[in-house]
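Subject: Structure handover

Hello,

Please find the structure below. My notes on what was found in it follow.

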Amino acid sequence: MGTQKLTQTGPANSLYAMPAWPLVSLALMALAGCQGMYLHQPDRAATATTAKKNIDLVDVQAITKTENDNLAAMLKQEVKGIETLANQSASLSVIQMSSSEQSIARHYQVAIEKMKAARGEGSMLELKTAGQCPALKKTDAETAERERQRMAVYGFTTTEACSTSMPLTIMAPADLSATDKASLTAIYTAYLGHCAGSLRACVRNDAQEDLEQAKTEAATRAKTAKKLEGDIKLARSAYAAAAKANADKTKNAAATEADLNEKAKKLANLLSSLEKASPESAHRIHAEALLDLLNSAASGQPVAGNPDLETASKIAATLPSLADSVEAARAASRQVPVSHLLLSLNNLLVLGERDDRLADLEKERLGALQRKVDNSVQQDRLWRRYSDQLCNLVLAASNQPHPNHSCDTIAFEGPDNDPVCVVTVEGKAAQRIKPCVLGKSWRTLFKGGLKDGQAGARRALYEAAAAYLQVRLIAQRPVIDDFNILDVQYRKAVIEKEANLQQWKNVVAIPAGELEGYYSGGVKPAEIADLLVKAAGFTAVAIGVSK
């Protein structure tokens, strides 16, 4: 055989530019020739060639393309249906607001129910509180720390951080005056209140939780993978050193062999952990090891006695498809069959392509989740704007001070067409307003139901109507995001299926290539090394390995 070294033979951006298994089959035809030239047997050669052609006709990508096309068409129709529903809902709202005699008070109560169904909240105030929650938590935490420092002035120090299990009372220092004890007690009570505020649970929607959980898990996996890669590098070096010591006949052979086995086990465990945290990283390390062994086979270099190759052999043995072959080769003091190495390397190619495509889809899923969060926040703001502007309308129409969008809640007492409007602003005492302009319909107010000179009330009316129509128009966007997320899950399943089919084809095609080469003959041994370089080299490019 030749002595060429397997190297990356193309640019990194050529990943998966071509399937590797036909090249592998070509190399195996050469390997058949390496064992000696065989007489051409026409009947068996024809059968083998027919079998290989039939396998070649199995177009896995074409099979899964049909499924992906169907999923894309289904998603398109689903989104179209949802958008049509949203437009019809907004149009119906315009008709109702312009022609119905229903009071705005009743419209508001119905809107609360719609908002509750869409957002899972019970009132507009809950939306406002949820929006303000992060800022309030921060303010309470800062205030609690100031109260903590004030208590120290009275000689009282507490090391207990804010928690739900804090004592309701404290023992004041004995030397304090009655007045100072009372002040300290008051400060501690305030401290408890601000601690409770800093610990409050902000109202969150499912999309926010899913998005943050996915980001946290991805960051954790990346951190774990980085640490494991470092640990594996050290474990490889340690195993190589032990292998070198094992080859030194002056060492205690039994003790060195035990140490070698222990280090091999540690290396295997680390690779297993990396496989879970970052399959693509594990595949790269495995592929590097397989290429080392293929280089060894192409150059005729023995594995035994070479610490680096023995390390590569142990890494290769952690692949289930190669474990038996590596052990058998070690026991017989020979190299692992090249066909086994190529089959495993080609299998890593399939898995590597699968992982890359799944990673792209995961980014797409996170993008859809982010859009859902953004759309939900936009709806929250519109619902609040609708409520705040109606609050402004009530106050401005009754010549009350304009609250500047700071309304908390609007409630109603009495009949819808002649209600008492109970308005609270910034937590202040409720204002009971009658007559209340919300007892009239949108239609009446649009047609001049407001007095001249009430420009502020008229502007609030239009802004409230605009906010409501806008929220009805975009109300279905989170549903579209849900369908996009579901579509990603479906496409992930198709990718998994395609990878399984490619693995099956890999297993079947390589033996068929061997048979065709065996019965056809005609391959010169001098061509073997070059063919191996091309076959495995292209595979190395595809899986992103640079030697």
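A residue is called buried when its relative accessible area is under 20%. In this predicted model, Y108 and F412 are both buried. By that cut-off, buried residues make up 42% of the 547 residues in the protein chain.

The chain has 16 helices and three strands. Of its contacts with a separation of 6 or more, 75% are between residues 24 or more positions apart. The accessible surface comes to about 28,600 Å², and carbon and sulfur atoms account for 55% of that.

The rest concerns aromatic rings. The structure holds eight aromatic pairs. One of them is formed by Y108 and F412, which sit edge-to-face with 5.8 Å centre to centre and 75° between the planes. This pair links distant parts of the chain: Y108 is in helix α4 (residues 104-119) and F412 in strand β1 (residues 407-413), 304 residues apart.

Y386 and Y468 also pair; their ring centres are 5.3 Å apart and their planes stand at 40°, so this pair is tilted. Because Y386 belongs to helix α12 (residues 338-397) and Y468 to helix α14 (residues 455-474), the pair ties together parts that are 82 residues apart in sequence. Y386 is buried, with a relative accessible area of 0%. Y468 has 2% relative accessibility and so counts as buried.

How do these residues group? Y108, W383, Y386, F412 and Y468 form one aromatic cluster.

Regards

Terms used
Residues are numbered from 1 along each chain as its sequence is written. This is a predicted model: local features need pLDDT of at least 70, side-chain atom pairs count only at pLDDT 80 or more; totals for chains, interfaces and linings use all residues. Side-chain values use heavy atoms; hydrogens and water are left out. Rings of Phe, Tyr and Trp (its six-membered ring) pair if their centres lie within 6.5 Å; planes under 30 degrees apart count as stacked, over 60 as edge-to-face and the rest as tilted. Helices (H or I, at least four residues) and strands (E, at least two) are DSSP runs, numbered from the N terminus. Buried means under 20% relative accessible area, exposed over 50%, partly exposed in between (1.4 Å probe, protein chains only). Contact means heavy atoms within 4.5 Å. Accessible areas come from the Shrake-Rupley method with a 1.4 Å probe; for residues, only the protein chains shown count as cover.
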